[in-house]
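Thanks, everyone; I would like to walk through one model this morning, beginning with a helix and ending with the ligand. Please have the structure open while I talk.

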Amino acid sequence: MKHHEVVAAVIQNGDQILCLQRGPSKYHYIAHKWEFPGGKVEPGETQEQAIIREIHEELGLQVDVRAAFLTVEHEYPDFKITMHSLLCTPAGGELVLTEHVGYQWLPASGLLSLDWAAADLPIVDKLMAQ
Ligand SMILES: Nc1nc2c([nH]c(=O)n2[C@@H]2O[C@H](COP(=O)(O)OP(=O)(O)OP(=O)(O)O)[C@@H](O)[C@H]2O)c(=O)[nH]1
């Protein structure tokens with residue numbers, strides 16, 4: 001089974017957290033699900049370099065990476081991921097969606113109002129517990 005190393009940013013602006021909605025996908029179980037911005041780590045990149053690149057590509061934002069948050073191993077029906085979530089704060093730029101179909105800024109207490117990708121649920125749980 002294919003395995004991907006993924007980084008995901010929990011971008012916190014005060015108590016608000018940036019949540020993004022994926023569009024259609026060939027995999028029904030991730031199509032239209034909510035997730036954190038990020039993507040696959042490319043060969044030779046650190047997690048921090050990967051998240052900074054992905055956030056710039058996907059959202060046109062600069063971020064500062066503050067801390068590692070939680071690493072999740074998740075197996076979907078067709079592939080598995082190791083996803084490293086990193087706590088980030090906005091550091092410039094105007095949010096423009098280039099790959100996603102929607103976004104919401106929500107406090108941790110509101111995160112479960114969204115239909116999250118399965119791999120994200122441990123991250124959501126940890127954010128809600130803090
Ligand atoms: N970015 C991101 N990906 C996630 C999250 N949760 C989750 O299951 N994933 C999965 O992790 C994988 C990340 O790949 P991606 O498609 O976003 O990465 P990428 O931008 O490098 O994609 P590409 O292969 O089209 O170049 C996808 O299969 C995605 O469904 C999340 O919170 N953020």
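Predicted model: local features only at pLDDT ≥ 70, side-chain atom pairs only at ≥ 80, totals over all residues.

Helix H1 covers residues 47-59, and its 13 residues, at 1.5 Å a residue, should span 18 Å, which agrees with the 18 Å between its end C-alpha atoms; the expected span here is 1.5 Å times one less than the number of residues. Helices are DSSP runs of H or I with at least four residues, strands are runs of E with at least two, and both are numbered from the N terminus. Residues are numbered from 1 along each chain as its sequence is written.

Which residues of H1 are buried? They are Ala50, Ile51, Ile52, Glu54, Ile55 and Leu59, where buried means that 20 or more other C-beta atoms, placed from the backbone, lie within 10 Å of the residue's own, with 12 or fewer counting as exposed and anything in between as partly exposed. An α-helix has 3.6 residues a turn, so residues three or four places apart point the same way. The cover over the buried residues of H1 includes S1, S4, strand S5 (63-75) and S6, contact meaning C-beta atoms, placed from the backbone, within 7 Å. After H1 comes Gly60, with a positive phi near 70 degrees.

Turning to strand S6, Leu87 lies in it, and Leu87 counts as partly exposed because it has 18 C-beta neighbours inside 10 Å. Leaving aside residues up to four places away in sequence, Leu87 touches Val10, Gln12, Arg66, Ala67 and Phe69; Phe69 is 18 residues from Leu87 in sequence, yet their C-alpha atoms are 6.0 Å apart.

For the protein as a whole, there are two helices and seven strands, running β-β-β-β-α-β-β-β-α from the N terminus. Of its 130 residues, 28% count as buried, and its C-alpha trace spans about 40 × 35 × 25 Å along the principal axes.

Finally, what surrounds the ligand? There are 14 residues around it, the closest being Glu35, Gly38, Gly39, Lys40 and Ala119, where near means a C-beta atom, placed from the backbone, within 6 Å. Strand S1 (2-13), strand S4 (38-40) and strand S6 (79-90) are the elements that each give two or more residues to this shell.

Conventions: Contact = placed C-beta atoms within 7 Å.
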